[in-house]
Amino acid sequence: MLVYGWESTLVMDYGKYGGSIIERLLKITEKVSQLKEAARRVIRKSQAKLDKKFEGMKTQEFQKEDLV
């Protein structure tokens with residue numbers, strides 16, 4: 001999910017795109033925080049779905065020496 005939208009390039013081929021490896025690394029690191037935030041949003045959304053799905057389900061309590 002986090003790599004979609006990127007054109008794959010080899011390090012040795014990057015020079016023909018008009019930039020240096022350092023510029024490429026800076027470009028990638030600038031987007032890391034955005035990707036992390038997007039991942040957090042998706043995780044929160046899925047956790048909320050699970051909470052809603054299992055809300056109100058009966059939980060079973062076990063006593064000492066019960067066979068489980």
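**Reading the model together**

Modeller: Gladly. Let us start with the surface: the chain exposes about 7000 Å², and carbon and sulfur atoms supply 58% of that area. Keep in mind that this is a predicted model.

Colleague: What share of the 68 residues is buried?

Modeller: A residue counts as buried when its relative accessible area is under 20%. Here, buried residues make up 4% of the chain.

Colleague: And how many helices and strands does the chain have?

Modeller: The secondary structure comes to one helix and zero strands. The helix, H1, runs over 21-54.

Colleague: Let us turn to side chains, then. How many salt bridges does the structure hold?

Modeller: The general idea first: side chains of opposite charge can pair when their charged atoms come close. In this structure there are two salt bridges. One joins Glu37 to Arg40, with their closest N and O atoms 3.5 Å apart. In the other, the side chain of Glu37 meets that of Arg44 at 4.0 Å, N to O.

Colleague: Where do Glu37 and Arg40 lie?

Modeller: Both are in helix H1, three residues apart, which is about one turn of the helix.

Colleague: Now for the nonpolar side. Which residues form a nonpolar patch on the surface?

Modeller: For a patch of this kind, look for nonpolar side chains that lie within 5 Å and have over 30% relative accessible area. The patch here consists of Ile21, Ile22, Leu25, Leu26, Ile28 and Val32, and together they have about 510 Å² of accessible area. Take Ile21 as an example: this residue is in helix H1, and with a relative accessible area of 44% it is partly exposed.

Colleague: Is Glu65 buried or exposed?

Modeller: Exposed, because its relative accessibility is 75%, and the class begins over 50%.

Notes. Residues numbered from 1 in each chain as written. Predicted model: local features only at pLDDT ≥ 70, side-chain atom pairs only at ≥ 80, totals over all residues. Heavy atoms only, no water. Helix = DSSP H or I, 4+ residues; strand = E, 2+ residues; numbered from the N terminus. Buried < 20%, exposed > 50% of the residue type's maximum accessible area, 1.4 Å probe, protein only. Patch = residues over 30% accessible without salt bridge, like charges linked within 9 Å, V, L, I, M, F, W, Y side chains within 5 Å. Areas by Shrake-Rupley, 256 points an atom, 1.4 Å probe, with all protein chains shown as cover.
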